[in-house]
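Subject: Structure handover

Hello,

Here is the structure you will be working with. Please open it alongside this email, and read the notes below with it on screen.

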Amino acid sequence: MRNCITILLLPILLPFFFFFFFSGAVDVDDVRFDFPAKKLIRDLNLFPPKDFNFLPHADFHAHEIVEKPLRFPNLLHSESGVSIDDLGHRAGYYPIRHSHAARMFYFFFESRSSKRDPVVIWLTGGPGCSSELAVFYENGPFKIADNMSLVWNDYGWDKISNLLYVDQPTGTGFSYSTDKRDIRHDEEGVSNDLYDFLQAFFAGHPEYAENDFYITGESYAGHYIPAFAARIHRGNKDKEGIHINLKGFAIGNGLTDPGIQYKAYTDYALDVGIIQQDDYDKLNQVMVPACELAIKLCGTGGKIACTASYFVCNTIFNSIMSHAGDINYYDIRKKCEGSLCYDFSNMEKFLNQESVRDALGVRDIAFVSCSSTVYQAMLVDWMRNLEVGIPALLEDGIKLLVYAGEYDLICNWLGNSKWVHAMEWSGQKEFVASSEVPFTVDDTEAGVLKSYGPLSFLKVHDAGHMVPMDQPKASLEMLKRWIQGTLSQTAGDAEKLVAEM
Ligand SMILES: *[C@@H]1O[C@H](CO)[C@@H](O)[C@H](O)[C@H]1NC(C)=O
C-alpha cells in the first residue's frame, strides 16, 4: 500500500495506534511496530525494509546545498527533441541548518520554457510520504514506463515553472539524519526546515532568487503549506535572509481545518451514497459532536488534547469506511485493489536500480516512500487548525488556490469548500457571494471555480485525491492560469477581450 502518498496511512494503521496509545507507549519517538502490526504492514508492503533513514556518520561543515547535475540513465528522448543536456536537472542534499545532523533531499527541474518562469515547490503529504510520488505519478517531468524507461510527461509542471520537490519532514524519501532529535513533531519544525532549505537553495542559485515563488502540494501538505507560507512571509518582513518573492500558495485535496473538514465527512458520504440516512443520523448524533468537542480542546497548539482528538475523530472516517466496503477512499469510483488502492511499485523498483541511485547520488540510503516513524511523530500536529494563519497572508495580497478532485473521500472537496467559505477575511462576503463559473479546458468543463481577490476555490471534475495524476492537462492549465492571474476568466471573457482589441 505504497499508495500512501498522502494522508493515507490513516485507516489501516489506526487500530495499531490505538493499541500503542492505550498500552501506555505514548512517547511517539519510541513507538515501534512490533509483532502483528509489523507483520501486517510488511504483508501490505506498506513500508520498505527501513522505516527511517539513520546513517552512522556524516560530515557537516557548511549549511550549503550539495548537488549534482541529474541525468537519468533510462530517459527516452522525446519527440519534441527536448535535450536533457540543455536543462538544469539537479538532485541534491541540504544539511539542515537548525538540526543536529539532518539532510534534506531534493530534486530541481529547470523549466522547459524559460529560466524566468516562477519557481514552484511541491510538497507531498503523509505526513511522511516522499515527494517522488508526485515526481513520477503526478506532475513531474517524466513518468516511469513498465520497462523502467522514463518517458517525458507532456503535462509536467516543469513546462511552465522551475520545479522543486523536497523529501520532508526528515526521515521521508531519501532524506535522513544521524540523530533522532531531528524528527519533527509540528509545523514549526517543518516550516523552519523548509525555510532554511529555501534560503540555502537561493543562495546556491542566485539566478532564480528574484523569480516569483509559489508553494504547492497535496493532502497533509494542507498543513505544511499555510505554515510554510507564513514562515516565508515572516522571514521577508523581518529581513531575515534572502527575500523570497512569494506570490501564492495552492493546496490540493488538503487537510487544513480539521474542525470543519471532519464534520463534513458524513455530509459528503451521504451525498455520494456511500452511507445511508440512518447511518448518517447515528454518526451525527454521537461521533460528530464528540469529535467537534475534541478538536476545540486541541485548538491550534494543544498537545495531548490534539492526539486524543485524532483518535476520537477518526472513528468517523473508519465508521464510514466500514459501511463503504472496499472502495478506494482516494477515489470513491474505484475499488481498492487487493491490499493496494493504487499500485506505485514501479517507483520503488525504479529508484532501487543501481544506475539510478548513482545518478541521484544517494548511494546506499534506503528509499522510504512513506515513513511510519514520521507519521507517528506528527500525530500531535494532525488535528491542529492551520486555517488561522491564512487571512493575514491574503490581506497582504498573497494568493491562495484551494482545489480538490471531486471523487476523493479522505480530503473531500465539500469539507475544503466549507472551510474556505467559513474563513474570515476582508473579502469573505464578496467571496461567498460570488458566483461559480465553469473552468474550461479544451471546450470542456474541467471544474467549477469560485474566486474573489486573492482567493480561489476549484472543484475538479473527474478526479480523485491526486488531481495531477487523474487530470494532468487540466491541472497544468490550472497552475498556468493561476500563476498568470487569469484563472477566473471564462472563455467568454477572453473572447470579449479579443473583440475589444
Ligand atoms: C520501454 O517502454 C517505452 C514506453 O512504452 C517504449 O517507448 C520503449 O521503446 C521501451 N523500451 C524498450 C527497450 O523496450
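Is Thr-172 buried or exposed? With 30 C-beta neighbours inside 10 Å, Thr-172 counts as buried. The cut-offs are as follows: a residue is buried if 20 or more other C-beta atoms lie within 10 Å of its own, exposed if 12 or fewer, and partly exposed in between, with C-beta atoms placed from the backbone.

Two notes on how to read the rest. This is a predicted model, in which local features need pLDDT of at least 70 and side-chain atom pairs count only at pLDDT 80 or more, while totals for chains, interfaces and linings use all residues. Residues are numbered from 1 along each chain as its sequence is written.

Thr-172 sits in the loop between β7 and β8. Helices (H or I, at least four residues) and strands (E, at least two) are DSSP runs, numbered from the N terminus. The C-alpha atom of Thr-172 is 5.8 Å from that of Val-368, although 196 residues separate the two along the chain. The loop between β7 (162-166) and β8 (176-177) also holds Pro-169. The peptide bond that joins Gln-168 and Pro-169 is cis, with omega about -5°.

Another cis peptide bond runs from Gly-126 to Pro-127, with omega near -5°. Pro-127 belongs to the loop between β4 (119-123) and α3 (132-137). As background, most residues other than glycine have a negative phi, and most peptide bonds are trans.

Some residues here have a positive phi. Ser-219 has one of about 65° although it is not a glycine. Ser-219 is in the loop between β9 (213-218) and α5, and it counts as buried because 29 C-beta neighbours lie inside 10 Å. Arg-363, also not a glycine, has a positive phi near 45°. Arg-363 is placed in the loop between α11 (354-360) and α12 (372-377), and with 9 C-beta neighbours inside 10 Å it counts as exposed.

Strands

Look next at strand β13 (residues 399-405). Why is β13 described as largely enclosed by the rest of the structure? Seven of its seven residues are buried, so the rest of the structure largely encloses β13. Both faces are covered: Lys-399, Leu-401, Tyr-403 and Gly-405 are buried on one side, and Leu-400, Val-402 and Ala-404 are buried on the other.

β13 pairs with strand β10 (residues 246-252) in the parallel sense over five bridges. Two strands pair if DSSP finds at least two bridges between them. Phe-249 has Leu-400 of β13 as its bridge partner. β13 also runs parallel to strand β16 (residues 455-460), and six bridges join them. There, Tyr-403 has Leu-458 of β16 as its bridge partner.

Strands β14 (residues 437-441) and β15 (residues 444-452) pair in the antiparallel sense over five bridges. The bridge partner of Val-437 is Leu-449 in β15. The hairpin of β14 and β15 has two residues between the strands, and Asp-442 in this hairpin takes a positive phi near 55°.

Helices

Two packed helices are described by the angle between their axes and the distance between the axes. Axes are lines fitted to C-alpha atoms, for helices over the stretch in contact, and angles run from 0 to 180 degrees between N-to-C directions.

Helix α4 (residues 187-204) packs against helix α5 (residues 221-237) at an angle of about 55°, with the axes 9 Å apart. α4 and α5 are therefore oblique to each other. Angles under 35 degrees count as roughly parallel, over 145 as roughly antiparallel, 65 to 115 as roughly perpendicular and the rest as oblique.

Helix α6 (residues 258-271) and helix α9 (residues 304-324) pack at an angle of about 20°, with their axes 10 Å apart. That makes α6 roughly parallel to α9.

Pro-472 lies in helix α18 (residues 472-484). Pro-472 is partly exposed, with 19 other C-beta atoms within 10 Å. From C-alpha to C-alpha, Pro-472 is 9.1 Å from Asn-153 in space, while the two are 319 residues apart in sequence.

Ligand

Which residues are around the ligand? They are Leu-76, Ala-145, Asn-147, Ser-149 and Val-151; a residue is near a molecule if its C-beta atom, placed from the backbone, lies within 6 Å of it.

Regards
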